[in-house]
Amino acid sequence: MPVEVGAVAIARLLGKLLDELYDLGKGMFSSQLARLNRENVRRKLVKRASACEKVKTIWQLEKEVRIPDFYYPSRIKFSPTITKEVSGLNHFPLKGNIVIEGTIGQGKSIFLRYLCAQELRGKGTRRIPIFVELRLVEPIGGLQGAIIQTLDEYGFDVTEELWNFYSESGRFVLLLDAFDEIPAECI
């Protein structure tokens, strides 16, 4: 049976990533980033890692099951001639946006949660994964509002200047789940 997400290992990895983010921005945002309680963010991200890889399934409605206990690696069609098994975000190009398409029940959400957990385990691109459920998108804040809300839940202090810094830093990867759950007026 696979071992639970190693909280100590994840905390160590996230600590390094948060320290790198702080070092990158301390010249421009030292006072704002100083308020960023990196220990608090680290703790919330470790908790999120554990929650991200647990789901209820049609076979286990009563209790959550760890995705690695039943996950079968996805094969992604990158072009008409290229199909590859993907077990981490490092299998995708580092720049640009990727859209995962599939029919209902094909496993897109499980795949994104798996990729998030892999990233938090250090088996990816060394970026901080931000898993956003698109049902949080609202007419007033839009997609940016849902992302900022998620960052706030993680403990990041998000001002307009920091939002620009975070989004341009290259230290985050957004995993946006459930496009079909965006309210119709927000699409």
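Which residues of the largest nonpolar core touch the most other members?

Modeller: First, the ground rules. This is a predicted model, where local features need pLDDT of at least 70 and side-chain atom pairs count only at pLDDT 80 or more, while totals for chains, interfaces and linings use all residues. Residues are numbered from 1 along each chain as its sequence is written, and side-chain values use heavy atoms, with hydrogens and water left out.

Now the core. Ile 128, Leu 151, Phe 156, Tyr 166 and Phe 172 touch the most other members, out of 47 residues in this core. A nonpolar core is a set of buried Ala, Val, Leu, Ile, Met, Phe, Trp, Tyr and Cys residues joined through side-chain atoms within 4.5 Å. Buried means under 20% relative accessible area, exposed over 50%, and partly exposed in between (1.4 Å probe, protein chains only).

At least two core residues come from each of H1 (7-34), H2 (38-52), H3 (108-120), H4 (142-154) and H5 (160-169), all helices, and from strands S5 (128-133) and S6 (172-177). Helices (H or I, at least four residues) and strands (E, at least two) are DSSP runs, numbered from the N terminus. H1 gives the largest share, nine residues.

Take Ile 128. Leaving out residues up to four places away in sequence, Ile 128 touches Leu 17, Leu 18, Leu 45, Phe 156, Arg 171, Phe 172 and Val 173. Contact means heavy atoms within 4.5 Å. In soluble globular proteins, nonpolar side chains tend to be buried together.
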